[in-house]
Each structure stands twice: as C-alpha cells, then as structure tokens.
Amino acid sequence: MLTASLVQAQSLSQSDVKNLLARIRERRASVPDVHANFQEQKTIHLLNKPIVSSGKIWFHAPNEFRREISGNSPSITVSNGRDLWIYYPNFKSAEHYTLGKRSPVDAVIAAINTALNLENVENTFQISGTKVSNGYELQLLPRSPSMKRMFQRFDLRLNTELTAERTDMVQSNGDQIITTYSNQTRAPIPESTFEFTPPAGTETTNPLGR
C-alpha cells in the first residue's frame, strides 16, 4: 500500500505550484461563489477533548463570507470584507469587529480566505505541494510576520475541481483546527447573504472598541 501511495503522489516543482495557483485564480475569477457544508474539529491544548462542530458556509471572493454553526451551541459569523459579526442565538448576543485591527478573529478570516480563495497566498506563505490521485495537497508555511503570528503551518487538500476539501491549521499557540468541506456548489450567492443586522432584543458588544 505504501508503494502504491508513493507512486500515486508526485511532488510539484515551484513552477508547477505557480501554474496551479494561476489555474485556481482563473477559476475563482469566473466563478467567485462557493457554498458548502463543513465539519470542524478544534484541538485546544487547555482542553482534554476536541471541540467538534458542523454547519454551512457561503463565500464570495475575495473576502465575503457567512458561516453558520448548527447544534447545541449555534452561531452565525458574517463578514462583508470590512466588518465582522458573530451572533449567538441562544444568548441573544452579538459581537461586532472592524477587520484589520489584529483582532482575535483575524486568524479565522485568514484561514477561510486561504482555503477558499488563495488570494496572494505566495506573498505570505512558502508553498510546496503534491499531486495525488484525487487532487492536490499543498503545505503552506508562513513567511510574513502577520501570518507567523497566526499560524505555524497550514495544510490544504484540493479536489480535481480545484476546490478545498480539507484544511489542517496549526496556530501559533499549538492549537489545531481541522476543517473538511463537502457538498460544494458554485451557484451565485445573493449579496444580502453577507450583510447582518442584529435581531431586535440582541445585546451587541464591540470587544475591540469602535
């Protein structure tokens, strides 16, 4: 089995990686929307057991997204590229962030953009990759100071459609987040999906100030 997997996997040269990224960008330019289900497992060094969650995500390149987590602790995270809201229905509370101010959510934004968009990724990461039987596996090591503050490494698996299937992110503090995507569609997404207004009666906070 090991021999078979080695035969199927083929290392990509830097030229191959560059060409692959160019193909991905061409696809994003022609089809900027993606809607998918996701499952996420967070391993936090302060907790004994991983935190598992699932839900749906909507993404419009380059930086608009909506992420809804279902289950016993639901939440809705919405970004229009400038502002980000996190809404907790069970508590009728919402947090509002202005992006780009080194907020705690910057790592989340960077991870989603890296996985689903790969915009200017070679400027912030050193990239190596492998061609496998059902797509590609990319290994991203942060090169810019801003990314080094967020990640130790970021591994990304793409399917033959050049769409993210799985990400494995190790944050700078050693915490690990593994996300898998499924049932992906490329239908256009209404712009209203990426806007959020807190429902009446919601307690809203600005953790980083205005």
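Reader: Where is Pro-62 found?

Author: Pro-62 is found in the loop between strand E3 (51–60) and strand E4 (64–69). Helices (H or I, at least four residues) and strands (E, at least two) are DSSP runs, numbered from the N terminus. The model is a predicted one, in which local features need pLDDT of at least 70 and side-chain atom pairs count only at pLDDT 80 or more, while totals for chains, interfaces and linings use all residues. Residues are numbered from 1 along each chain as its sequence is written, and side-chain values use heavy atoms, with hydrogens and water left out.

Reader: What kind of peptide bond joins Ala-61 and Pro-62?

Author: The bond between Ala-61 and Pro-62 is a cis peptide bond, with omega at about 10°.

Reader: How far apart in space are His-60 and Val-31?

Author: Their C-alpha atoms are 9.1 Å apart, although 29 residues separate the two in sequence. Val-31 lies in the loop between helix H2 (14–30) and strand E2 (33–43).

Reader: Is Val-31 buried or exposed, or does it fall in between?

Author: A residue is buried under 20% relative accessible area, exposed over 50%, and partly exposed in between (1.4 Å probe, protein chains only). Val-31 has a relative accessible area of 22%, and therefore is partly exposed.

Reader: With which other strand does E7 pair?

Author: E7 pairs with strand E13 (residues 203–205) in the parallel sense, over three bridges. Glu-95 stands opposite Thr-205 in E13.

Reader: How many bridges do E2 and E12 share?

Author: E2 and E12 pair over eight bridges in the antiparallel sense. Here Asn-37 stands opposite Ser-182 in E12. Strand E12 (residues 176–185) also contains Asn-183, which has a positive phi of about 50° without being a glycine. Asn-183 has a relative accessible area of 60%, so it is exposed.

Reader: How do E11 and E12 pair?

Author: They pair in the antiparallel sense over five bridges, and Thr-167 has Thr-179 in E12 as its bridge partner. Four residues lie between the strands of this hairpin, in which Gly-174 takes a positive phi near 95°.

Reader: Which residues is Glu-165 in contact with?

Author: Contact means heavy atoms within 4.5 Å. Leaving aside neighbours within four places in sequence, Glu-165 is in contact with Arg-157, Asn-159, Thr-179, Thr-180, Tyr-181 and Gln-184. Glu-165 lies in strand E11 (residues 164–171) and counts as partly exposed because its relative accessibility is 29%. Glu-165 and Asp-16 are 149 residues apart along the chain, and 20 Å separates their C-alpha atoms.

Reader: How many residues of H3 are buried?

Author: Of the 11 residues of H3, 10 are buried, so this helix is largely enclosed by the rest of the structure. Among the buried ones are Asp-106, Ala-107, Asn-113 and Leu-116. Just after H3, Leu-118 takes a positive phi of about 55°.

Reader: Which residues have the most contacts inside the largest nonpolar core?

Author: In soluble globular proteins, nonpolar side chains tend to be buried together. A nonpolar core is a set of buried Ala, Val, Leu, Ile, Met, Phe, Trp, Tyr and Cys residues joined through side-chain atoms within 4.5 Å. The largest core has 43 residues, and Leu-116, Phe-151 and Phe-154 have the most contacts inside it. H3 supplies the largest share of this core, seven residues. Apart from this core lies another, of six residues, including Ile-76, Val-78, Tyr-87 and Ala-94.

Reader: What does Phe-154 touch?

Author: Not counting residues up to four places away in sequence, Phe-154 touches residues including Ala-111, Thr-114, Ala-115, Phe-125, Leu-138 and Met-169. Thr-167, the bridge partner of Thr-179 in E12, is also among the residues that Phe-154 touches.

Notes
Two strands pair if DSSP finds at least two bridges between them.
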